[in-house]
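Reader: I would like a close look at a single part of this model, with its surroundings described carefully.

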Amino acid sequence: MDTGSHLLFGTTLTGLAMLHPEVSADPVLFQAMLTATMVGSQAPDFDTLARVRGYSTYIRVHRGVTHSLPALFVWPLVLALPIAWTFGVWAHVGLLLAWIFAAVGFHVLLDWFNAYGVQCFRPFTRKWQHLDVLSIFDPFLFALHAGGVLWWIASGTNPGLLFVAVYAVTAGYIAVRAAHHLRVVARVRHQLPYEGIYQVAPGFHWFRWQFVVETEDCFYTGHVRGKHVEVKDIYVKEAFDSIVEASKSTDGVRAFLQFAQRIHVSCSAGQDGYVVKWRDVRFWYNHQLPFGVDVMLDRDMKVTGYSFDWKKKAWAPPFV
């Protein structure tokens, strides 16, 4: 999910940790716990620093090893010891370890529930996992947890039981969204006549989803609005020719192919050569395929350059 939501959930985990009498009674331990859960809630996304080495490196690294099964245990060890030393709470280092583990685990779990995906089962598999249940920013969850924090500040009382309720509602909400997602997938399958792979991704609105259907020859993209299913665009799969094959030599295409799942390729000829466009249809929006790689080749099919990024404004959808 987004950075702001992860930080907020780190704060509410501290409120939940105040069920421990020692945390609620000791201001220094409370500060250590707040630091631990907030940093722990962000730790898996420290891999965004890979962006300084280029977008191809970022795509290879982001939500990979830092979100893996071993990372669930490595992050608590890496973070708890310096935090315990900084605040002088060595007697409670085990408690810090447990709550950093909870913060990291909740971060990875939420990322698993959205459409971008996460390699959360490494080292057993590098396959990208995504449940397509929650958007990158969920207004309900953000409002729920923000409301809990505001109540905590206003009341000034021990918030332990309050956040037990908040996290119980969170679990129930995610379960309801997951069940709703299964119903929407079934509805799309029922209303469309295509044989293939169906993927339905959430939007910010509870009853608005978008889908991709991959068949042997085409990709179909469209919207679900309530019970109404509508196909918006059709992308025909093109056969790979020698020009497309030549574009695979670029680092950008190699990184793209490690991540992308619904791959559409198109090639166009220009005065100076060719442009091959690799796109992941999962992230379509408004009749566009904004995520992918453009590779430029000359008439001899030698790569002259490439660009790899989102072909959209940073504030424009899709938000993944």
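Is Ala255 buried or exposed, and what is its relative accessible area?

Author: This is a predicted model, in which local features need pLDDT of at least 70 and side-chain atom pairs count only at pLDDT 80 or more, while totals for chains, interfaces and linings use all residues. Residues are numbered from 1 along each chain as its sequence is written, and side-chain values use heavy atoms, with hydrogens and water left out.

Ala255 is buried, with a relative accessible area of 0%, where buried means under 20%, exposed over 50% and partly exposed in between, using a 1.4 Å probe and protein chains only. Its place is in helix 10, residues 251-259, helices being DSSP runs of H or I with at least four residues and strands runs of E with at least two, numbered from the N terminus. Leaving out residues up to four places away in sequence, Ala255 touches Ser56, Ile59, Arg60 and Phe308, a contact meaning heavy atoms within 4.5 Å.

For contrast in setting, Thr215 is found in the loop between strand 2 (208-214) and strand 3 (218-225). Thr215 is also buried, with a relative accessible area of 13%, and, residues up to four places away in sequence not being counted, Thr215 touches Tyr194, Glu195, Gly196, Tyr220 and Lys237.
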